[in-house]
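I open the notebook and list what I looked up, entry by entry.

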Amino acid sequence: MNAVLWAILTACIWGVVPVLEKLGLVRTQPFTALFFRCLGVIIGIVLLGLFVVKPQHIRESDARSIGLLILSGFLASFVAQIAFYHGLKIGDVSRVVPISGTYPLIAFILGIFFLGEAVTMQKVFGMLFILAGVWLLRL
């Protein structure tokens, strides 16, 4: 499967998940919901460890990479998820998800400053469309 198909599959899954989460938050508080969501992650980790990840690949990973990946997992799957669940609990999924989904804009800006990525007109227009979408959703 090529990168575009993987991205489409990701978008489809990420499109379904907030609806499931919104439904799950109806009678559950955000911190409790995060607890249960993390149980799903633990199941995924166990399956990954049992069937996919090879011990030698873990040993080959350097400490800096491991630290950065653990930090990213904590920020994305815990800290940001808390904020997302609070927004989802009190707001419309059709507004909260697109606005929280503007992370490509932030990644674009950080990529320019910290990774030295190129600024192209195509990327600038893409970011302007993201901003226009967020603005329209706020109306």
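This is a predicted model: local features need pLDDT of at least 70, side-chain atom pairs count only at pLDDT 80 or more; totals for chains, interfaces and linings use all residues.

Entry 1, second largest pocket. I looked up the second largest pocket and found a lining of 15 residues, with Val-41, Ile-45, Leu-48, Leu-69 and Ile-70 nearest its centre. A pocket is an open set of points on a 1 Å grid over the protein atoms alone, where a 1.4 Å probe fits and protein lies on both sides within 12 Å along at least five of seven lines; lining residues have an atom within 4 Å of a point. I noted a volume of about 520 Å³ for the second largest pocket. A volume is the space filled by probe spheres set on the points, which are joined across faces, edges and corners.

Residues are numbered from 1 along each chain as its sequence is written, and side-chain values use heavy atoms, with hydrogens and water left out.

Which helix gives the most to the lining of the second largest pocket? I found that α2 does, with seven residues. Helices are DSSP runs of H or I with at least four residues, strands are runs of E with at least two, and both are numbered from the N terminus. I sorted this lining into eleven nonpolar, four polar and no charged residues. Here Ala, Val, Leu, Ile, Met, Phe, Trp, Tyr, Cys and Pro count as nonpolar, Asp, Glu, Lys and Arg as charged, and the others, Gly among them, as polar.

I read about 900 Å³ for the largest pocket. It has 21 lining residues, and Trp-14, Ala-76, Ala-80, Gln-81 and Tyr-103 are the closest to its centre. The largest share of this lining is ten residues from α4. I counted its residues by class as 13 nonpolar, six polar and two charged.

I looked up helix α2 (residues 30-51) and helix α4 (residues 63-90), which pack at about 130 degrees with axes 9 Å apart. Axes are lines fitted to C-alpha atoms, for helices over the stretch in contact, and angles run from 0 to 180 degrees between N-to-C directions. α2 and α4 are therefore oblique to each other. Under 35 degrees counts as roughly parallel, over 145 as roughly antiparallel, 65 to 115 as roughly perpendicular and the rest as oblique. On the α2 side I listed Pro-30, Phe-31, Ala-33, Leu-34 and Arg-37, which meet residues of α4 including Phe-78 and Tyr-85. Contact means heavy atoms within 4.5 Å.

I found an angle of about 65 degrees between α1 and α4, and their axes are 10 Å apart. These two helices are therefore roughly perpendicular to each other. Pro-18, Glu-21 and Lys-22 in α1 meet Gln-81, Phe-84, Tyr-85, Leu-88 and Lys-89 in α4. I sorted the residues of this contact into four nonpolar, one polar and three charged.

The axes of helix α6 (residues 103-115) and helix α7 (residues 121-138) come within 9 Å and cross at roughly 140 degrees. Pro-104, Leu-105 and Phe-108 in α6 meet Lys-123, Met-127, Ile-130 and Leu-131 in α7.

I noted seven helices and zero strands.
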